[in-house]
Amino acid sequence: MMKKKSIPASKPFLILFLCQIISALDVPLDSKLLEELSQPPTITHQSPKDYIVDPRENIVIQCEAKGKPPPSFSWTRNGTHFDIDKDAQVTMKPNSGTLVVNIMNGGKAEAYEGVYQCTARNERGAAISNNIVIRPSRSPLWTKEKLEPHQVREGDSLVLHCRPPVGLPPPIIFWMDNAFQRLPQSERVSQGLNGDLYFSNVQPEDTREDYICYARFNHTQTIQQKQPISVKVFSMDSLNDTIAANLSDTDIYGAKPVTERQPVLLTPTGSTSTKVELRGNVLLLECIAAGLPTPVIRWIKEGGELPANRTFFENFKKTLKIIDVSEADSGNYKCIARNTLGSVHHVISVTVKAAPYWITAPRNLVLSPGEDGTLICRANGNPKPSISWLANGVPIAIAPEDPSRKVDGDTIIFSHVQERSSAVYQCNASNEYGYLLANAFVNVLAEPPRILTPANKLYQVIADSPALLDCAYFGSPKPEIEWFKGVKGSILRGNEYVFHDNGTLEIPVAQKDSTGTYTCVARNELGKIQNEVRLEIKDPTMIIKQPEYKVVQRYGQVSFECIIKHDSTLLPTVIWLKDNDELPDDERFLVGKDNLTIMNVTDKDDGTYTCIVNTTLDSVSASAVLTVVARPNPPFDLELTGQLERSIELSWIPGDENNSPITHFVIEYEDGLHEPGVWHYQTEVPGTQTTVQLKLSPYVNYSFRVVAVNKIGRSQPSEPSEQYLTKSASPDENPANVQGIGSEPDNLVITWESLKGFQSNGPGLQYKVSWRQKDVDDEWTSVIVANVSKYIVSGTPTFVPYEIKVQALNDLGYAPEPSEVIGHSGEDLPMVAPGNVQVHVINSTLAKVHWDPVPLKTVRGHLQGYKVYYWKVQSLSRRSRRHVEKNILTFRGNKTFGMLPGLEPYSSYKLNVRVVNGKGEGPASPDKLFKTPEGVPSSPSYLKITNPTLDSLTLEWGSPTHPNGVLTSYILKFQPINNTHELGPLVEIRIPANESSLILKNLNYSTRYKFYFNAQTSVGSGSQITEEAVTIMDEAMASRQVDIATQGWFIGLMCAVALLILILLIVCFIRRNKGGKYPVKEKEDAHADPEIQPMKEDDGTFGEYRLFSFVSSAPF
C-alpha cells in the first residue's frame, strides 16, 4: 500500500490549504445517503440579478434551495424584512421560497419595484440569494412632434434622426416605409448604432415621403412608430430650370453642378473619442462618413493587430465588432474613411473594465469533529474588487463568535471544528461595475462507516486489462479502507495493486488467476463494516482475420473478411460501418457471419469500411479502404487557340480519373474534307498535360477529340472540337516506295504508294512520272498521270536498268524534286546452261558438285541462283524396276558448287545444272554420271525360328532390303537365358551370303535362346535383328507340334493370310502410280553426318531439295 509523504515546514496558509485537500470529506452522490445526512441549505435556483418583468403578467421571483432538514425561506425588500403574509397579492409556493406577485388580479407591477433577497435556513445554517432587482418593462409612445420635410441638393449628406422613446429594456430600431418594407441599405445609406439613418450622399432616387422609424419593445411585444419623414432631393438639372424661370434673360444664373467631395465623418464627431466596455461583452465601434464618391471605411488598431477569430465587420464595414473582449483589447482603434479625393480618420480610445469574476469560488466543506479546513474566495476585476464575508447571511464581523474560525482576507481558516461549527458562509466580491455572491457551507459530521457498493457485486473484466473493484464508502471521520482476497485471505499489498482514495481497488493488469472473491473493510473510530465483491476474468475478443485494402473495378464484386475469436461466455455482435456511419440501405450489401460482400460496386461505395465487434466487456475494430476504380471520364471543354497555317494549340479539361491516375491522353483527328467520320491517331501526351501544340497539314478540315487512358482502360472520346480548315498548298512530299519492275520482257511497270488525302495539300492531285535508261545519254521521258499508283512503259529492251522518279503536284504547284530509284525492264528466260560440271564423291551418301558460272548477259534477268537436278539411275547390287525420284537442290546467288546429301551407297546417279532468274530456269547442262561406293547393309528383312525340338531350332531369314554393296556373309550370335533372365555364354557363327536358312543342333532342351543376326559387306557389318525361341521339353510335345503344322485347317489359314497380303500389296502399288507417269514431289533429306547438314542460303553448299518420281520400264 502506498505511503503518504511528509509535508515540509512552510507558510501556515499553505499548510492549512493542504490540510483542506487532505482532510475535507467528499460526500458521495448517493440518494439514500444524502437523505440521511444533515446538510446546511444550498441555493439551487434563483431569478437573475437584473429582472425585467412584463407589467401585464404575474411577477415570479424564484428562490429554490435544498438541505437536511428542509430549509425555511424568508425575504427582504430594499434591505428590510418583507412580510408576505401582510400582502394579499403575494404568495410563496409550497416547499419553496419562490414568490408569486398577482398582477393579473388588480396588482400593479410598479408597486413591486425594488431589490429582493431570499434567505433559506435550517438548523445548520442559512444561505442567501443574490440581490434581485425587479423592474417592469416600459414601452412609451413617441412624443408628438411636427416634422419638416427635408429638401436636399443632390450629392449632399443627410441624417434622419430617430430619437426613440426611452424604454426598458432599450428598443430595437429599424426603418421601413408605409408598406412595411425595410428600406434598402448600402455603403451609401445605412442605419447607425443610435438608430439614425445616415446618407453619405443623396441621390434623386432617395426622394420619398415615407421614411418611418420603428421601435420594437420585445418584453411587451409592441412596436412604436415615428411620424413619416419626407425627403426631397433636387437634381442639378431641375434646380437650374427653377432658377431660370425666376430670372430675366439678362441675369446670370445657374446652380453649380454636382461636385465631388472628400470624406467628412458624420459620427463620431471630432478626431478622437473614448469608449469603455466591460470584460466579456461585445465591443461595437462605429464610423459613418459623408462624401462623394461614397467613402470606404477601414479599421486598424494602433500598435497592434485586430484580434483574430473575434473580429467582425458589420454595416458595410462601418461597424467594428469584437466579441468576448478582455483587458488585452484596450487600446486605440482608428477608422479611416477614404474616397478618390482624400481621407479622414477618427481614433477611439477603448478601455476595457471588468466586473468581478471568479478566480476561486468558495466550495462546500464537509469536516469531521476535530479536523481543520479552509474556505477560499478569490476574484478579480477592474478595478480590483473588495472581498467581504458573511456567516448565515450576517456580516461576519457581527455574527456569533466561533473559536474554530479565523478570517484572513479572502480566506477563512477553520481548526479543530465541532458540530456546532456548521454554518453557511457567503463571499461577496464587488466593484463599481457589479458584484459576485457565493454561498459555501461548512458541515461538521460524526458518522460511522458506511459502504455504498452493493454486496456480492460481480465484476467481469477482459484479461490483461485493468480491473476496478468499487468500495464506495462514507464516514466521518474518514474511514480507512483495506482489501482482502478470499474469505480468509491476507490484506492486499504490493505494486500489483493500486488503492484509490475513493476506496476502489485497481488491479492494473488482471490475469486469469485474479479471479475470485475480494473483501473491502472500512473502519473509523465510530465503527467498522465490510463488503464482498466477485471478479471474473474473460478472454479478450480478437479479430484474427482483418479486412484488407481492396481495389475493385466499377460494377465488380468485393468482399471484406472479419473473422473473430472471443470468450465462450460472451456473446459478440458484429457491426459494419462505412466511413464511420451505418451501411447504406442497399440490397447490394450482403453481411455474412464473418464477411461483408458488396455486389455490383459503384463509385459511391468508395470509402473506409470498419468491422466493429462488441461484447458486454470489450470492443475491437479493424478498418480497410475500398478504392473503386474505373476508366476515366472523357475530357471536355476542348478549345482551339493559336491558329496558324501549319500548327494549332489544343487544350481540354480532364474528366474524373475515377481513382486511377490518367497515364496519358490520346489525341485523334478527323478530316472532314477527305475522310469524314474516320478518326486517325495524331499524337499522345502525358496524363499531367492538358495542352498540346499540333502540327497541321494544308487542305484538311480538322476536328480533334481527346481520349484519356489509365491502367483500367480508355475513356470514351471527348466531344469533337470545333472544325479548323487549313489553307491549300503545293505538296510537301512525293510518293513513297517507288519501284520499276517489268512484267514482260519488253516493258517497265513503274509503281508507287499514292499520297493520302491530307498529304495532297490541295485539290487536283496528280503525279509526274519520269524515266530514262541508265548509263545511256538519254533525256528524261515524262508523263503526268491522274491520282493512280502505276504506269507501264512499253517497248523496252529486255532487262536493262532505268532511272525512275515520281513527283506529286496539285493545282497549287509541284512537290520538291523527288529522289531517283533504279528499276529494270522485264526479264526473259536464261539463254545458256552452266558448263564444266564436275562431281566429287566424298563418301557413300555424299557428293560435291562444281560448275562454271554463266555470263551475266545470258541470264537476262536478276540472277537468283542455280538448281541441281540429280536422280538415281540404278543400284549396283541388284537389278529391278523401281520409281525414279528426281531431287532438286537450289543454291542462291552466284554460287558455283554445292553438296548433294542423302545418296544411296553402291548406286549410279546422274545430274545436271540450270541457272535461274526471276522469269524461270535456263537450259540444263549435259547429264553427268557418277557412282557411290559400297556401304554397310541394312538389317536382314526378317528372321524366323521354326521346328523346335529337344535339342535343335530351325532359323530362316530374308536378305537385307538395302544391301548397299555385295554381301560377303551373315553373322549369327546366340546365347541361352535362364529363369532369372541372366544371359549365358555367347556363341558366334559365320554363314555364307548365299544361304537363307540354318538348323542349329546340340541345344539344351526346354531352354530359351536369344539370337542376334546381321549381314556384312566388304565395308563392314550392318545393323542386327534379334529374336528369341525355346526348345521343347520332350518328344511328345515335338510330335504335337509336327501334327499341328501338318493339319489341313492350319494350311488353309496360312493360305488365306498370304492371299490377303498379296491383295494389299497390289492396292498399294496402284495408289502409288495413280498420279501419272512423272509425278513430282518436294522433300528434304536430313543426314546424321554433320558434314552434310543443309546450309543457309548464302552458304551455297546445299540448296532447296525437291524429289521427282517416275516409273522406269527398263530394268536397272
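Reply: Start with burial. A residue counts as buried under 20% relative accessible area, as exposed over 50%, and as partly exposed in between, using a 1.4 Å probe on protein chains only. Strands are DSSP runs (E, at least two residues), numbered from the N terminus together with helices (H or I, at least four residues).

The model is predicted, so local features need pLDDT of at least 70 and side-chain atom pairs pLDDT 80 or more, while totals for chains, interfaces and linings use all residues. Residues are numbered from 1 along each chain as its sequence is written, and side-chain values use heavy atoms, with hydrogens and water left out.

Now the strand to look at, β31, residues 378–382. Its side chains alternate. A379 and G381 point to one face and are buried.

What does β31 pair with? Its partner is β28, residues 342–360, which runs antiparallel to β31 and is joined to it by four bridges. Two strands pair when DSSP finds at least two bridges between them. At N382, the bridge partner is A354.

Compare strand β30, residues 373–376. There G373 and L375 point one way, T374 and I376 point the other way, and all are buried. β30 pairs with β35 (residues 411–414), antiparallel, over four bridges. In that pairing, I376 stands opposite T411.

In one, three strands make an open sheet with antiparallel pairing, in the order β22-β26-β25. β22 (283–286) and β25 (311–314) are the edge strands, each pairing on one side only. From one strand to the next, the twist averages 20 degrees. Angles run from 0 to 180 degrees between the N-to-C directions of axes, which are lines fitted to C-alpha atoms, for helices over the stretch in contact. Four bridges hold the antiparallel pair of β25 and β26 (residues 319–322). One of these bridges sets F312 against K321 in β26.

The other open sheet has the order β3-β8-β7, again with three strands and antiparallel pairing. Its edge strands are β3 (59–61) and β7 (90–92), and each pairs on one side only. The twist averages 20 degrees between one strand and the next. β7 and β8 (residues 99–101) run antiparallel and share three bridges. T91 has V100 of β8 as its bridge partner.

Turn to charge. Side chains of opposite charge can pair when their charged atoms come close. The test here is a side-chain nitrogen of Lys or Arg within 4 Å of a carboxyl oxygen of Asp or Glu, which defines a salt bridge. The whole structure holds 36 salt bridges.

One of them joins R705 and E668, 2.7 Å from N to O. R705 sits in β62 (residues 701–709) and E668 in β59, so this pair ties together parts 37 residues apart in sequence. R705 is buried at 18% relative accessible area, and E668 is buried at 12%.

E670 is also in β59, residues 664–671. The E670 side chain does reach the backbone nitrogen of G677, at 2.6 Å. Beyond four places in sequence, the contacts of E670 (heavy atoms within 4.5 Å) include P676, W679, N701 and Y702.

S718 lies in the loop between β62 and β63 (724–725). At 5% relative accessibility, S718 counts as buried. A polar atom of the S718 side chain lies 2.9 Å from the backbone nitrogen of V706. Leaving out residues up to four places away in sequence, S718 touches P634, P635, L638, R705 and V706.

K973 is partly exposed, at 28% relative accessibility.

Technical notes
A polar contact is a pair of N or O atoms within 3.5 Å; within protein, one must be able to donate a hydrogen and the other to accept it, and residues adjacent in sequence count only if both atoms are side-chain atoms.
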